[in-house]
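Biologist: I would like to learn how to read the features of a model like this one. Please take them one at a time, with the general idea and then the case at hand.

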Amino acid sequence: MPSPWDMRLNTFQSLLVLRALRPDKLCPGIQSYVISVLGERFVEPQPFNLPRIYLESTCASPLIFVLSPGSDPLSDLLRFADDRRQRVESVSLGQGQGPVARKLLDQGLMDGFWVVLMNCHLAKSFLPTLEVICENQLPMEATNKEFRLWLTSYPSSIFPISILENGVKITNEAPKGLRAGLLRTYESDPINDRTFFNSCNKAKVWRKLLFGLAFFHCSVRERRTYGPIGWNIPYEFNENDLRISVRQLCMFINENGEVPFDTLAYTCGECNYGGKVTDPQDRRTLSTIMNSFYHPEALKDKCPLSPSGRYYIPEHGEYQDYIDYIKTLPLISPPEVFGLHDNANISKELQETHQLLDSLMLTQSRDAGGGGGTGATTDEVIATTSADILSRLPPNFDIEKASNQYPVSYLESMNTVLVQELGRLNALLTVIRVSLVDVRKAVKGLVVMSADLEKIGTALIVGKVAAKWLAKSFPSLKPLGSYIKELLERVQFFNGWLNSGPPVVFWLCGFFFTQAFMTGAKQNFARRHKIAIDLIDFDFEMKDSTQDCQVAPDDGVYVEGMFLEGCRWCYASHHLAESDPKRATTPPPRMDAPSCAELSLSSSSYSAVGAASPASPRGVYSVSAQCVCMLCHVACTVSGRNLSACSRIGAAVVNATTRGSAGEVLFVPMPKIWMVPKKVADFEQFEHYSCPMYKTTARRGILSTTGHSTNFVMDVRLPSDRPQSHWVKRGVAMITSLND
């Protein structure tokens, strides 16, 4: 902290400033705080010691493996049982496996062998029976003392509390970092078996490709930590995927004179790992990464695995030589190893911060106090916030008037698109208006506070969008204040369309159902030129100058409001370019510096204050996303909220917004795009990247009843001077709606 704040603020208070100014550095800051207060051992991973855990257990207490993505404790358990010469019977719970599990339990209780029930979170109907067995049969004197019940389950609300209370909880998270992952891979079965390691008849080829496969396995798992820019869906690649791929690699090398790279890439990338991948863009990413390891270049000495050359396939050697090389790798792997830009670290750290804060908010009860005093109560917060939103909501659109003004027309499909969008917008406005009126009545005691109304009230308190609203809403990850602001902007966009005619440039983010808008543009072209619509698709032309979009085009539409993630658009060369690195010269957020007495900060009563807007009236502040005063639990996320209502903060605030730092680096505005309908056969061929476009930064979506994804919009051909594989590994995508 700069002087004089380094002397005025204690460690916890510094964390609050860090949360406001650099949320991407909050997790390392909390780690340092824990070390300074509790000690280093509280942040260091503990060794996974099954023999010690077993000695602390009895036949009457189940041993519960709490699973995490990428962890697979079964192989370690089977190896431990084999060392003890202990019989083990396992069953993966699911449909129809309850009677099988019950039979094994009854037999194991008498004979004393171990029973492993895997994936308990999938056996909702069997868990009550298991709870009765654990409470009544395990503690009986007739139970064989050698018997042990091992359970594996992901965290689940259906798992019986009594079993958790009486059992021994065990967790074994997958190693973090490429070096730790490679080391664990080489020290695990079957690679650590020297007989298997030396069994291939082409030792040099086998060991080089084996290292590449191990590197691939750790890479695809580590990409999960980068969020959607790594994988749209966080797949649970585990050790079983690696084991079968390793054995297939050995088999194919032994049985073929030449290395069958295509066969290896297909069995590994499309079957073993690809069998879990459901998103089309993720399948493209997995295939691209796989081709970087299974290719003839991998057989050359020191084949580079990263652009810098720091990571490479080591020269042919013995088992220990590979272990020694792995130990020389950096503890923390840079994003370049996974094909990502250095700025991806910001995305990774922001994701960790959001997960931590969201988990922290789950521990907060609605009635939790914030340090005593005269802060606003939760009911007052709900009443004030709901009244503020209600005062901003516009009336519903007159659909009948709009239909008359823009009737159904064969040559103008956009009229239908407009009326449909207004109907969806009316449905959302109605849900918000009715629910806010009802929650205000419930707070006053005029109606019963139902479960739905309580959820809406809780959402207003923590500054999030209620699930009931999202069910009728456009996709959005924004906090409450930004969401309401975007809703009003959509209303303004369609009001302008209604009153002044179709805009020259359409705001793509403004549509609920973007695919209907695109289909309307295609239909207009197809009907005007009498071409079958299934022969038509969009080509794209970037309009770098605003002067190019003064008049609506004859065919197609101009659109705006898109952002690039993972790279930027170079206006000078008119193609994709690498992202600008996060620079120290980025203008830092301004901090208004009242005295500590004015701030009245304390470690138990203050968390993340808001951002003063220079254009705001005195005493009124526009606050950044999810800022909560812990003294009165006021969620200051609605733009224009009067913070002077919070007696604990008064008028002293910190200008805390990340838009000037991480946001402008991670997401770069795209120029306006001319979406030109053309016959696919007439498309001009050029070097390009087929860039996926998504509605939100989450990227993942589900198929709706119309057959369209709820998030994916379309692929856009963007000019590029680099191969597609470069941008695929970068995770480059276009986003229409950001998170703030």
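**Reading the model**

Modeller: Leu-38 lies in the loop between helix H3 (26-37) and helix H4 (50-55). Helices (H or I, at least four residues) and strands (E, at least two) are DSSP runs, numbered from the N terminus. This is a predicted model, in which local features need pLDDT of at least 70 and side-chain atom pairs count only at pLDDT 80 or more, while totals for chains, interfaces and linings use all residues. Residues are numbered from 1 along each chain as its sequence is written, and side-chain values use heavy atoms, with hydrogens and water left out.

Biologist: Is Leu-38 buried or exposed?

Modeller: Buried means under 20% relative accessible area, exposed over 50%, and partly exposed in between (1.4 Å probe, protein chains only). Leu-38 counts as exposed because its relative accessibility is 53%.

Biologist: Which residues form a nonpolar patch with Leu-38?

Modeller: A patch takes residues with over 30% relative accessible area and no salt bridge, joining like charges within 9 Å and nonpolar side chains (Val, Leu, Ile, Met, Phe, Trp, Tyr) within 5 Å. Here the patch on the surface consists of Val-37, Leu-38 and Phe-42, and their accessible area together is about 310 Å². Such areas come from the Shrake-Rupley method with a 1.4 Å probe; for residues, only the protein chains shown count as cover.

Biologist: What classes of residue make up the lining of the largest cavity?

Modeller: Ala, Val, Leu, Ile, Met, Phe, Trp, Tyr, Cys and Pro count as nonpolar, Asp, Glu, Lys and Arg as charged, and the others, Gly among them, as polar. The lining has 9 nonpolar, 5 polar and 4 charged residues.

Biologist: Which residue forms a salt bridge with Arg-699?

Modeller: Side chains of opposite charge can pair when their charged atoms come close. The criterion is a side-chain nitrogen of Lys or Arg within 4 Å of a carboxyl oxygen of Asp or Glu. Arg-699 pairs with Glu-565, and their closest N and O atoms are 3.0 Å apart. Arg-699 is in the loop between S16 and strand S17 (712-719) and Glu-565 is in strand S9 (residues 563-565), so this pair ties together parts that are 134 residues apart in sequence. Arg-699 is buried at 4% relative accessible area, and Glu-565 is buried at 7%.

Biologist: How many salt bridges does the whole structure have?

Modeller: The search finds 28. One of them joins Glu-560 and Lys-672, with the closest N and O atoms 3.6 Å apart. Glu-560 belongs to strand S8 (residues 557-560) and Lys-672 to strand S15 (residues 672-679), so the parts tied together are 112 residues apart in sequence. Glu-560 is partly exposed, at 29%.

Biologist: Where do Glu-489 and Lys-485 lie?

Modeller: Both are in helix H22 (residues 480-500), 4 residues apart, about one turn of the helix. Glu-489 is partly exposed at 30% relative accessibility, and Lys-485 is partly exposed at 47%. Salt bridges also link Lys-478, Glu-486 and Arg-490 in a network.

Biologist: Which backbone angle of Arg-85 has a positive value?

Modeller: Phi of Arg-85 is near 55°, and the residue is not a glycine. Arg-85 sits in the loop between helix H5 (74-83) and strand S2 (88-92) and is exposed at 80% relative accessibility. His-574, also not a glycine, has a positive phi of about 60°; its place is the loop between strand S10 (568-570) and strand S11 (575-577).

Biologist: Is the peptide bond from Asp-189 to Pro-190 cis or trans?

Modeller: The bond is cis, with omega near 5°. Pro-190 is in the loop between helix H9 (178-186) and helix H10 (194-197).
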